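Dear colleague,

Please find below the structure that I am handing over to you. I would be grateful if you would read the notes that come after it alongside the model itself.

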Amino acid sequence: MEYAKELSTKNVAKIGKTIKINLSMLIVFFLFFCNETVRSFMLPPITYMNIPFLICATFLILKFWDINGIKVRELLLLFFLSLISFISFYYSNQSISTYIMLIANLLLPLYLFSIKINGNQALSILKGFTRIFNILIIVLIMTAILDYISNSAIQLLMAKTIFSSSEMGKLINLEHSWGIYRFYSFLGHPLQNARYFLIFFIVNNIYAKYDKFLMKSYLISLITMLGLILCGSKTSIIIGLVLIVFFSNIKRYKFLYTILIVLAIVVLINTPLFQENLKLRFLDSMHSGDLTTGRSGLVDLLKTSGIQPNWLLGGGPDYSREVALSLNGKINNFEYPFIMLPFDYGIVGTAIIYILIFLKPLLKFLQNKQFYIFVCFLAITLNVNTNNGIANLGADYFAQLCFIIFIMINLDPILIKKRT
């Protein structure tokens, strides 16, 4: 009888673990495979509301709360953030759909940090995430190569069809007319694609630290480097090169690997893609004295204007864009999330967000001496804070970032020792 009871308990626990892992994989699919760009040409009426993620993440959080309990301090911070965000939205007369976006795209991803999860569960989620994400990246890099060698035929076709009535289509045609190549894909803007390639490198190398590579390590570095150059993001290329050269998780033939990577970089630098596109953009930025493509000039205008965000209540989504436009700068967006978020959600709300997504993870990695994850964490947070992605309430950037950090902070450093 006791044996049957014990067996039943184990079966329930196993079923519960399976449900949580499957929910996590559904979240990966709806966040990364079916992001706001994909939804824009599939489901136009609800493009900016990631309803499937909202449902799956809610069930996942409730499931973990029920089985593992909650992190009380994080939950209290999130309740307070939710309260002031709803008050801000109320006074800025937002629509019902904007409230749904607030919950799905900003608040709910943060509630992942209130979950208690053990290292083995986090590693299982990371393994599943890495496996299916690798498939997406293979499709992405093959599309990028075909698009480049066909003189942008694929993205020009998308500009005429699925992106014909959107800003994305206009950008593709405009940059093509200027002779600039940057990889626009079915997943979105070059900055989005570059972020995907960085995530690809990071999750594969972190998982290899705990277990083994799920793809050939040399292939991971080559795909990452080639993808970043095709995307043409200056910041992402610099971050990617640092990771590839100095932080590839390769133990054997390290010297040979370094030589091959350096040779590959030299070859790529001498291609027309680099010489006629990236090199010219770097030189133009250096000549103008502004590597930020005009964004620092807008920040200077903000400093002299005396305009400041409210401490407790923000102006709601896109209020920072209104402030940028009022400054009469050449560009209409600050781009930097740490400037945009205080205007949208208040200084206190922004502080809570950065405590959860930056300060607490940073301190935890240092405390646990997880220096490799610490470097990867810095790389991805630096990347997302150099453009407006995570401050855009209608996009999945912020939720994607929270999900990745959620996995990182729950990986147990002891598991590495068991596998080395």
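The notes below go from the chain as a whole to individual residues.

**Basis of the notes**

This is a predicted model, in which local features need pLDDT of at least 70 and side-chain atom pairs count only at pLDDT 80 or more, while totals for chains, interfaces and linings use all residues. Residues are numbered from 1 along each chain as its sequence is written, and side-chain values use heavy atoms, with hydrogens and water left out.

**Confidence**

The mean pLDDT (the predictor's confidence in each residue, from 0 to 100) is 83 for the protein chain, and 81% of its residues reach 70 or more. Helix α18 (residues 397–410) has the highest confidence, at a mean of 95, whereas helix α13 (residues 272–288) has the lowest, at 56. Below 50 in pLDDT there is also the stretch of residues 286–290, which has five contacts in the model beyond near neighbours in sequence; a contact means heavy atoms within 4.5 Å. Residues 3–12 stay under 50 as well, and the model gives them zero contacts beyond four places in sequence.

**The chain as a whole**

The protein chain contains 19 helices and zero strands. Both are DSSP runs numbered from the N terminus, helices being H or I with at least four residues and strands being E with at least two. Of the 420 residues, 51% are buried. Here buried means under 20% relative accessible area, exposed means over 50%, and partly exposed lies in between (1.4 Å probe, protein chains only). The accessible surface of the chain comes to about 19,900 Å², and carbon and sulfur atoms account for 67% of that surface. These areas come from the Shrake-Rupley method with a 1.4 Å probe, and for residues only the protein chains shown count as cover. Among contacts between residues at least 6 apart in sequence, 77% join residues at least 24 apart.

**Salt bridges**

Side chains of opposite charge can pair when their charged atoms come close. The whole structure has four salt bridges, each defined as a side-chain nitrogen of Lys or Arg within 4 Å of a carboxyl oxygen of Asp or Glu. The following are among them.

- Arg-39 and Asp-396 meet through their side chains at 2.9 Å, N to O. Arg-39 belongs to helix α2 (residues 36–42) and Asp-396 to the loop between α17 (371–384) and α18, so this pair ties together parts that are 357 residues apart in sequence. Both Arg-39 and Asp-396 are buried.
- Glu-74 pairs with Lys-360, with the closest N and O atoms 3.4 Å apart. This pair links distant parts of the chain, 286 residues apart, with Glu-74 in helix α4 and Lys-360 in helix α16 (residues 337–367). Glu-74 counts as buried because its relative accessibility is 10%, whereas Lys-360, at 35%, is partly exposed.
- Asp-318 pairs with Arg-321, the closest N and O atoms being 3.0 Å apart. Asp-318 is partly exposed at 40% relative accessible area, and Arg-321 is partly exposed at 25%.

**A nonpolar surface patch**

Phe-80, Leu-83, Ile-87, Tyr-90, Tyr-91, Trp-311 and Leu-312 form a nonpolar patch on the surface, with about 810 Å² of accessible area together. Patches are made of residues with over 30% relative accessible area and no salt bridge, with like charges joined within 9 Å and nonpolar side chains (Val, Leu, Ile, Met, Phe, Trp, Tyr) within 5 Å. Tyr-91 is in helix α4 (residues 72–91) and is exposed, because its relative accessibility is 63%.

Gln-94 sits in the loop between α4 and α5 (96–111) and is partly exposed at 22% relative accessibility. Its C-alpha is 7.8 Å from that of Gly-316, although the two residues are 222 apart in sequence. Beyond neighbours within four places in sequence, Gln-94 has contacts that include Tyr-99, Gly-316 and Pro-317. The side chains of Gln-94 and Ser-92 are joined by a polar contact of 3.1 Å. A polar contact is a pair of N or O atoms within 3.5 Å; within protein, one must be able to donate a hydrogen and the other to accept it, and residues adjacent in sequence count only if both atoms are side-chain atoms.

Ser-236, in helix α11 (residues 234–246), is buried at 1% relative accessibility. Its side chain makes a polar contact of 3.0 Å with that of Ser-233. Leaving aside neighbours within four places in sequence, Ser-236 touches Ala-194, Leu-198, Leu-228 and Asn-383.

Tyr-372 lies in helix α17 and is buried at 13% relative accessibility.

With kind regards
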